[in-house]
Amino acid sequence: MSATWGGQSFPPGVPTLNQHRLDMIERDVSREFLIELVALFVSDVALRLERLSDAVKLRETAKAAAFAHALQGAAASLGVLRLRAVAQRLEELVEKDDWGASDATLARLMSEFAHVRSVLSTVGEQPADAPSPPSGEKP
Amino acid sequence: MTQHATNPDANDPAFEILPNTADVVALVEDDATTRMLTRAWLQSAGYTVLEYDSERSVREATGPAPTVACVDLGLGEHSGFDVIKQLRERDAELPIIVVTAEREVDTAVAAMRAGAYDYLTKPVDRDRLLLSVRRACERRRLVDRVKNLQSELATGPLTGTVVGAGGAMRELSRQVERVIESDVAVCLLGESGTGKELVARAIHSGGPRRSGPFVAINCAAIPASLQESELFGHERGAFTGATQTRLGCFERARGGTLLLDEVGEMSPATQAVLLRTLQERTVRRVGGSQEVPVDVRIVCATHRDLRGEVDAGRFREDLYFRLVVYPIQLPPLRDRVEDIPTLVTHFLEKLRGRAQHAVRGLSAEALDALARHPWPGNVRELENVIHRSVLACRGQEIGLADLPPDLRSTSTPADRERQTGEDLLGDDDQVVTLRELEQRAIRKALRLTRGSVGRAAKLLGIGRATLYRRLAELDVAPEAVGRIVA
C-alpha cells in the first residue's frame with residue numbers, strides 16, 4: 001500500500017534518519033548508550049504502534065491522535081525523521097476524522113517502522129570515527 | 001516506571017568539569033526514549049536526575065527536593081500544567097523548564113506566563129538543555145541565598161532595632177554579630193542620625209549583659225566642666241551645688257553597657273580620667289577618695305575621624321587604642337537609598353500610634369524626591385521629614401506637595417547651599433530680628449558641620465561653651481539642626 005502527499009512520494013524529501021544526531025549522542029554519551037537507546041526506542045515504538053493501530057481500527061480519534069503524537073516525540077529525540085513525519089501526518093488525518101487516508105497512512109507508518117528497525121540494527125557496528133554521509137543523513 | 005534517582009559515575013571525565021554536583025533535576029517525561037536520552041545528558045553534565053513518567057508519579061514522589069524541573073507539557077492524558085501546579089505547590093521558587101513540541105509554542109508561551117522559567121522545543125538540543133538547566137540552577141541558588149540572607153537578617157542582632165535589609169545593613173548586621181558575645185571595645189563610626197545608639201543598644205541587648213542596664217551619655221551635650229561628674233559621679237560637697245552624692249554613668253551601667261556617644265568631643269581632662277578608669281576598672285567619684293570597682297562593657301560612638309583627632313593632638317592615642325578595638329562603620333542613608341521605602345513604612349507605622357493619621361504611603365514622585373535627597377541628617381532627618389509630611393498631608397498618600405520645601409525642589413544641594421546663604425538676611429523688603437539672624441547663623445553653622453558643636457563654634461567665631469549657652473537660650477537642638485536644611 002502506498003500513500004501520497006500532494007501527488008509526490010510520501011513524505012517528500014525527508015530522510016530516514018538524522019545521522020548527525022545519532023553521532024552526537026554517541027559522542028556526548030557513549031556507543032553502548034546509543035545501542036541501548038535504540039533498543040529502547042524500537043521496543044517502545046513497536047508497542048505504541050500496536051496501540052495506535054487498535055485506536056485507528058476502532059476510530060477512536062482522541063486516543064489515536066495522542067498515540068500518533070507520542071510517537072513523534074520519541075522519533076524526534078532519536079532523529080528518526082521520516083517516521084516522525086508520517087506520524088505527524090497521521091495525527092492530522094485522525095484529527096480530521098479522515099479514516100480512509102488514516103488507514104493508508106497507518107500502513108505507511110508500519111512499513112516505515114520496519115525500514116527504520118532495519119536501518120537502526122546497524123547502529124554501533126561502525127566505528128565512532130567512521131565518516132558519515134556528506135548530508136549527515138541516511139537515505 | 002515511577003521514580004528513581006540516579007547519580008553520574010564519578011569516574012566520568014565530564015563529571016569532573018562540572019560546577020555543582022549537588023543540583024538535582026526532576027525530569028518529567030512520559031516518552032521513554034526522550035527520558036532516557038535527557039537523563040543521560042543531564043548525568044553526563046553532573047546532575048542528579050529524578051525521573052517521573054506521569055503526573056501521578058510526581059504526585060506520589062517522596063524523593064529529595066529538586067533544584068530545577070524539566071517538564072514535558074504533553075504528558076499523555078494529563079497536562080503538564082497540572083504537574084507544574086503540583087511542583088509549585090511544593091516549592092514556590094522551583095525554576096521549571098517546559099519542553100514542548102514545535103507546533104505547540106502557544107502552549108509554551110502560556111506556560112511561561114504561568115511562571116515557567118524557560119521553554120525548549122522538541123527535539124531537545126543537548127547544549128540548549130544544559131545551558132537552560134545551568135542558568136535555572138544558578139537562579140535557584142541566588143533565590144535561596146537571598147531568602148537565607150533575609151532570614152538571617154530577620155533573626156539577626158539588629159532585628160527590631162535597625163530598619164533596612166539592603167546590602168549595607170546586612171554587612172552591619174554581620175559585624176555586630178561578630179562582637180555581640182564578647183566584651184571587645186566597639187567603636188561605632190558614622191554620621192549623625194545613622195543609628196549609632198540603636199546599634200549600641202542592639203549590641204547590649206543581644207549579648208551576655210542584656211540583663212544589666214544600658215546607659216548612654218552624649219559627651220557633646222555636656223560641658224567639659226560637667227563631663228567628669230556625669231561619667232564618674234560625685235560626692236556630696238564636691239563642688240558648689242553638689243548637695244548630695246550622685247552616681248555617674250559608669251556606676252549606673254554596672255553589669256551592663258555604657259555608650260560613650262560623641263566620644264571625640266570629650267575634654268582632655270576627662271579623657272585622662274577615662275583612660276585610668278578603663279585601665280584600673282575602677283572609678284573614683286569627683287571629690288571622693290574611694291576606688292569603686294566597675295564591670296561595664298564600653299561602646300563608644302563618634303561622627304568624627306577619631307584617628308584624625310589623634311593625629312591633630314585632640315584625642316589621646318592611648319585612649320584611642322583602648323576604645324577602638326573593633327570599629328564598625330554605619331552607612332549614611334544616602335548610601336542605602338534602597339532602604340528608604342522600608343524606613344518610610346516603619347515611620348508611618350510608628351506615627352500611627354501617636355498621630356492617628358490616615359496616611360498609607362507616598363506617591364511615586366514623593367518617593368523619588370526622597371531618593372534624590374542627600375540626607376545629611378540621615379535616618380533621623382528622614383523620620384522628621386515623614387512626621388512633617390504626615391502633618392501636611394490631607395489624604396491617604398503623601399504627595400510631592402506635602403514634603404518640606406527643600407525636598408520638593410529639583411535644585412542640587414549646592415544650589416540650596418548658596419540659596420540659604422543669600423536668604424540669611426531675608427528679602428529686600430523684610431527685616432530679620434537679631435535673634436532670628438543669630439538663630440539662622442547658628443543653624444547654618446551646625447548644618448554645615450553636620451551637627452558638630454565644636455566645629456560650628458569655630459565657624460561662628462565663638463567658644464564651644466558660648467555656643468552651648470546660645471543653643472539653650474535659643475532653644476535649638478544641635479543634632480536636629482545638623483540634619484535639617486533650614
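**Figure 1. B:N378 in helix α16 of chain B.** In this predicted model, B:N378 belongs to helix α16 (residues 378-392) of chain B. Its phi is positive, about 55°, although B:N378 is not a glycine. Most residues other than glycine have a negative phi.

**Figure 1. B:N378 in helix α16 of chain B.** In this predicted model, B:N378 belongs to helix α16 (residues 378-392) of chain B. Phi of B:N378 is positive, about 55°, although B:N378 is not a glycine. Most residues other than glycine have a negative phi.

Figure 2. B:E262 lies in the loop between β11 (257-261) and α11 (268-280) of chain B. Its phi is near 50°, a positive value in a residue other than glycine. B:E262 is buried, with 24 other C-beta atoms within 10 Å.

**Figure 3. B:I217 in strand β10 of chain B.** B:I217 is part of strand β10 (residues 214-218) of chain B. With 22 other C-beta atoms within 10 Å, B:I217 is buried. Beyond four places in sequence, B:I217 is in contact with B:E230, B:L231, B:C249, B:L260 and B:D261. B:D261 is 44 residues from B:I217 along the chain, and the two C-alpha atoms are separated by 5.8 Å.

**Figure 4. The cis peptide bond at B:P123.** The peptide bond from B:K122 to B:P123 is cis, with omega near -5°. Most peptide bonds are trans. B:P123 lies in the loop between β8 (118-121) and α6 (126-154) of chain B.

**Figure 5. Packing of helices α20 and α21 of chain B.** Two packed helices are described by the angle between their axes and the distance between the axes. For helix α20 (residues 453-460) and helix α21 (residues 464-474) of chain B, the angle is about 100° and the axes are 9 Å apart. The two helices are therefore roughly perpendicular. On the α20(B) side, B:V453, B:G454, B:A456, B:A457 and B:L460 take part, and they meet B:R464, B:L467 and B:Y468 in α21(B). By class, this contact has 6 nonpolar, 1 polar and 1 charged residues.

Figure 6. In soluble globular proteins, nonpolar side chains tend to be buried together. The largest nonpolar core has 75 residues, of which B:V28, B:V71, B:I97 and B:V98 touch the most other members. The largest share of this core, 9 residues, comes from α3(A). Not counting residues up to four places away in sequence, B:V28 touches B:Y52, B:V58, B:A69, B:C70, B:V71, B:D72, B:L75 and B:V83. A second, separate core has 46 residues, including B:L172, B:V186, B:F232 and B:V453.

**Figure 7. The contact between chains A and B.** Here 19 residues of chain A are in contact with 15 residues of chain B. On the chain A side, the elements that give two or more residues are α1 (19-28), α2 (31-57) and α3 (61-78). The largest share of that side, 9 residues, comes from α3(A). By class, the chain A side divides into 12 nonpolar, 5 polar and 2 charged residues.

**Figure 8. Confidence along chain A.** Chain A averages a pLDDT of 85, and 81% of the residues score at least 70. Among the elements of chain A, α2(A) has the highest mean pLDDT (95) and strand β2 (residues 8-9) the lowest (47). Over residues 128-137 of chain A, pLDDT stays under 50, and the model has 13 contacts beyond four places in sequence for them. Where pLDDT is low, the predicted coordinates should not be read in detail.

Technical notes. Residues numbered from 1 in each chain as written. Chains lettered and ligands numbered in written order. Predicted model: local features only at pLDDT ≥ 70, side-chain atom pairs only at ≥ 80, totals over all residues. Helix = DSSP H or I, 4+ residues; strand = E, 2+ residues; numbered from the N terminus. Buried ≥ 20, exposed ≤ 12 C-beta atoms within 10 Å, placed from the backbone. Contact = placed C-beta atoms within 7 Å. Nonpolar A, V, L, I, M, F, W, Y, C, P; charged D, E, K, R; others polar. Axes fitted to C-alpha atoms, helices over the stretch in contact; angles between N-to-C directions. Parallel < 35°, antiparallel > 145°, perpendicular 65-115°, else oblique. pLDDT = per-residue confidence, 0-100. Core = buried A, V, L, I, M, F, W, Y, C linked by C-beta atoms within 7 Å.
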